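Subject: Structure handover

Hello,

Here is the model you asked for. My notes on it follow below.

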Amino acid sequence: MDTAYALHRPILAWYAAAARDLPWRGEGTTPWAVMVSEFMLQQTPVKRVLPVYDEWIRRWPTPRALADAPAGEAVRAWGRLGYPRRALRLHAAATAITARHGGEVPEDHAALLALPGVGEYTAAAVASFAFRQRHAVLDTNVRRVFARAVGGQEYPANATTAAERRTAAALLPDAPETAATWAVAVMELGALVCTARSPDCGACPVQRACAWRQAGSPPYEGPARRGQSYEGTDRQVRGKLLAVLREAPGSVAQATLDAVWPDGVQRARALDGLVADGLVEPVAPGVYRLPQ
């Protein structure tokens with residue numbers, strides 16, 4: 001049986017019945033709201049994104065509204081989502097959309113890809129989910145579903161490969177509307193059923209067609225998978241420093257920042273990194289603030 005045929009109908013039918021009711025999927029959702037959700041959902045689970053997303057869209061319902069605000073306010077509103085450079089990138093994208101496209105998220109894939117902070121995945125996702133175009137959308141969940149169902153392996157490679165892109169392109173339905181639904185359906189399957197640690201194969205709509213399942217679910221034997229350590233890392237220190245700055249109405253003295261972490265060398269390295277990334281501005285010797 002053709003692989004695409006064996007996967008399309010059951011996954012699309014499963015999605016029609018099991019898809020989560022998420023605000024960025026609702027009827028009338030703007031392309032900007034879709035873009036905001038895609039920035040926030042990178043490496044961050046839905047339950048953490050929802051409250052920040054709702055407040056963000058209420059405060060900045062258009063790219064122009066965000067572009068008119070200081071970049072530091074975007075960092076402040078990002079809260080504890082993690083990877084706060086995404087807030088700066090989203091602000092930069094909003095500024096470019098306002099300047100280049102009259103404040104409207106562009107529909108053209110190449111124009112999306114040309115925006116600051118928008119990479120291959122985000123451009124394809126926005127074009128697909130917001131504008132119902134035909135693009136292969138490869139996030140971690142989709143790559144895992146394809147690795148198992150088509151490749152017979154428990155996990156995909158650490159980085160997206162050319163072979164994965166060929167698989168995604170080959171499985172993409174011809175009709176743009178169906179392709180757009182397929183893209184989000186496979187993503188949802190990976191998020192809810194074909195999960196990384198405890199896949200619920202018994203509930204999977206394509207368990208009989210899954211190459212990994214048919215092979216007896218062999219364990220992963222590829223290169224060591226990257227961990228997500230956080231405790232004691234510079235990332236943790238950066239987060240603590242940013243938390244102080246987010247909660248302050250204005251500038252913050254060095255002494256206040258020094259209190260958040262005992263290791264002075266690591267703390268200084270983390271603060272220097274925040275300054276280099278544009279997330280923090282020094283306004284005087286020993287005084288810092290969020291970017292203006």
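The second largest cavity is lined by His135, Ala136, Val137, Val142, Phe146, Ala168, Leu172, Trp182, Ala183 and Val186. A cavity is a set of points on a 1 Å grid over the protein atoms alone where a 1.4 Å probe fits but cannot get out, and lining residues have an atom within 4 Å of a point. H9 and helix H11 (176-192) each give two or more residues to this lining. H11 has the largest share, three residues. By class the lining has nine nonpolar, one polar and no charged residues. Here Ala, Val, Leu, Ile, Met, Phe, Trp, Tyr, Cys and Pro count as nonpolar, Asp, Glu, Lys and Arg as charged, and the others, Gly among them, as polar. The volume of the second largest cavity is about 60 Å³. Volume is the space filled by probe spheres set on the grid points, which are joined across faces, edges and corners.

Two notes on the source. This is a predicted model: local features need pLDDT of at least 70, side-chain atom pairs count only at pLDDT 80 or more, and totals for chains, interfaces and linings use all residues. Residues are numbered from 1 along each chain as its sequence is written, and side-chain values use heavy atoms, with hydrogens and water left out.

The whole structure has two cavities of 30 Å³ or more. H9 and helix H12 (211-214) each supply two or more lining residues. H9 gives the most, three. The classes are eleven nonpolar, one polar and three charged.

Now an open site. The second largest pocket has a volume of about 210 Å³. Closest to its centre, among 13 lining residues, are Phe146, Ala147, Gly151, Thr161 and Glu164. A pocket is an open set of points with protein on both sides within 12 Å along at least five of seven lines. Helix H9 (140-149) and helix H10 (162-171) each supply at least two residues of the lining. That lining divides into seven nonpolar, four polar and two charged residues.

Last, the fold. The chain has 15 helices and three strands. These are DSSP runs numbered from the N terminus: helices are H or I with at least four residues, strands E with at least two. Of the 292 residues, 44% count as buried, meaning under 20% relative accessible area with a 1.4 Å probe, protein chains only.

Best wishes

Conventions
Buried < 20%, exposed > 50% of the residue type's maximum accessible area, 1.4 Å probe, protein only.
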